[in-house]
Each structure stands twice: as structure tokens, then as C-alpha cells.
Amino acid sequence: MREFLENVFSGMGITDVIDILIVAVVIYKILGFIRKTRVEQLLKGVLVLVVATFLSDIFNLHTINWILKGTVALGAVAILVVFQPELRRALEYMGRSKLVKSSLTQLDKEKGKQITSHIVKAVETFSRDRVGALIVFEKETALSDIMESGTLVDAEISEQLLGNIFYEGAPLHDGAVIIRDGRVCAAGCVLPLTRSNAISKELGTRHRAGIGITENSDALVLIVSEETGIISMASEGHLSRFLDLKTVEKTLLNMYLNAEERTGTMAIIPRMISKMRRDK
């Protein structure tokens, strides 16, 4: 065993280590994505079929083996049809390049703090007066198609502007506000509703829409209930309720102020690969 390990590691270079690490990260990300979707149950069923097919072949159960092989072949087509939303989301997830500078990094720290302050004050007013609000923060996944369903605004974020948009008598108060590059880009937008059956029945359309857009993108959504004034946040298909203003402020500051640091860390990888190539 010792000799085997020595033979394995003696021929391993730094490029092999990086190769293994990249594969490990990809597998980890795929498994993390699978755990958040119905694909987890699907894979369990596929595993049972594969094991059954293997055993039927060993014990020469020809009829069962033929049926199972046909089922597996048809199952490949069924996966594409039944799990089309999950497959689309997976491709979108893979397409979000963290090596490209995010639009959030274009904001300096003072601007990020100013935007956060305006939003927190507006949310405080909404929660106190029980004004329903739905605010979507665009990240890497573009929401241009969602913006087209509403009214283009393209204005600086302010407590007064958000208050006017979500005022009960305003024509755009029932839709969502989309924030891109630290500006209110559109209002009155229609969001896709979540298809999850695990959502509490006491939650209305506003919350279901907030969760739905995070199932199809990497957006962060801020929700204020019109009935109770409860503040909630949705991200990656999950909803966090009963948030206080400190939590909202901390989340937004982390999103705006730490985006550049995260992007800078990811950018080290291509620089390392480039350096190794030059050293060769």
C-alpha cells in the first residue's frame, strides 16, 4: 500500500492538484444544487433502477433485465420533460460566472451605505404602516425580461420614491420593484410564482412571487407583508421571515460592500493558472 501511494503521489504535479480541486468543487456545487430540488428524489429512484438492473444481469433474470433497461432508456427522455424547470435553473446556475466582475462592484462603499440607508428607512415605514412591498435586487442573472413586464423608471433610490411606488393608491404598488446597479430600474413588474407545495398557506401572492423569482435567478428579494407588516427575505428559493431592520441592513451592506472582495478572491484562480503556464 505504501509503495502504491508513493507511485501515485510521485507523478502528481501542481496542475494535477488544481485539476482535482476544480473537479471536487464542481461536484460539491452540483450536489449542493441537487439537495435544493426534486432531483434528489429522482437520483434515488435512478440509483434503485441501476442496482436492480445490475443484480438482474448477475442472476440471469433476462426478462426483468430487459424491462429495466427499457425503463432506464425511457427515463432519460422523461427526465428532460418532467424536470425541465430544474434543468433550466441548473444551466442558469452554471452560467453565472463569478470570474466576471459583478454589477454590484461598480458601487463604492459610500454609495452602497447610502442606498442601504434609504431602503432600510423605507422598509421601516412600510412595516410600521403595513404597506405591502416587493423589492428585487438583481445580481449576476439579468432580469431584463421581468423588467419588460412592468414600467421602466431608471431613477436614484430614495425613501420617498419607494414610498410613492408602493403607496396603496399608486398604479404600480401591486408589482415588484427591480433594482439594478444601485438604481430603481423598473416598477410594477410581474414575477413568476413559486411552484413549491411547502409554502405556508397563510402566505399570499407577494411572498410566492418573491420566492418564485429566486428559484429562477440569484436575485435577493425583500418583502413586507401588507396584512401583518412582517419583513421577509427570499434567496435561492428559501424564505426567511420575521426579520428586524438590523438584519435587513446587515444583509444589504454585505451584498453591496463585500461583492468586490468576493470577486477579487475568485479572480485569483485564473491568475494562478496563468502564472503556472509562464513558469513552464
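Mentor: Let us begin with Leu 55, which is found in helix H3; helices here are DSSP runs of H or I with at least four residues, strands are runs of E with at least two, and both are numbered from the N terminus. This is a predicted model, in which local features need pLDDT of at least 70 and side-chain atom pairs count only at pLDDT 80 or more, while totals for chains, interfaces and linings use all residues. Residues are numbered from 1 along each chain as its sequence is written, and side-chain values use heavy atoms, with hydrogens and water left out.

Trainee: Why does Leu 55 count as partly exposed?

Mentor: Buried means under 20% relative accessible area, exposed means over 50%, and partly exposed lies in between (1.4 Å probe, protein chains only). Leu 55 has 38% relative accessibility and therefore counts as partly exposed.

Trainee: What makes Glu 138 buried?

Mentor: Its relative accessible area is 5%, and the cut-off for buried is under 20%.

Trainee: Which residue forms a salt bridge with Glu 138?

Mentor: The partner is Arg 180, with the closest N and O atoms 2.6 Å apart. The term requires a side-chain nitrogen of Lys or Arg within 4 Å of a carboxyl oxygen of Asp or Glu, so the pair qualifies at 2.6 Å. The two lie in distant parts of the chain, 42 residues apart: Glu 138 in the loop between strand S1 (133-137) and helix H7 (144-147), and Arg 180 in strand S3 (residues 176-180). Arg 180, at 22% relative accessibility, counts as partly exposed.

Trainee: How do you know that Arg 206 and Glu 226 meet in a salt bridge?

Mentor: Their N to O distance is 3.8 Å, and the limit is within 4 Å. Arg 206 belongs to helix H9 and Glu 226 to the loop between strand S5 (220-224) and strand S6 (231-235). Arg 206 counts as buried at 17% relative accessibility, whereas Glu 226 is partly exposed at 30%.

Trainee: Why are H6 and H10 called roughly antiparallel?

Mentor: The axes of helix H6 (residues 109-129) and helix H10 (residues 245-257) cross at roughly 155 degrees and come within 9 Å. Angles under 35 degrees count as roughly parallel, over 145 as roughly antiparallel, 65 to 115 as roughly perpendicular and the rest as oblique. H6 and H10 are therefore roughly antiparallel to each other.

Trainee: What makes helix H9 mostly covered?

Mentor: Of its 11 residues, 9 are buried, including His 207, Gly 210 and Thr 214.

Key
Axes fitted to C-alpha atoms, helices over the stretch in contact; angles between N-to-C directions.
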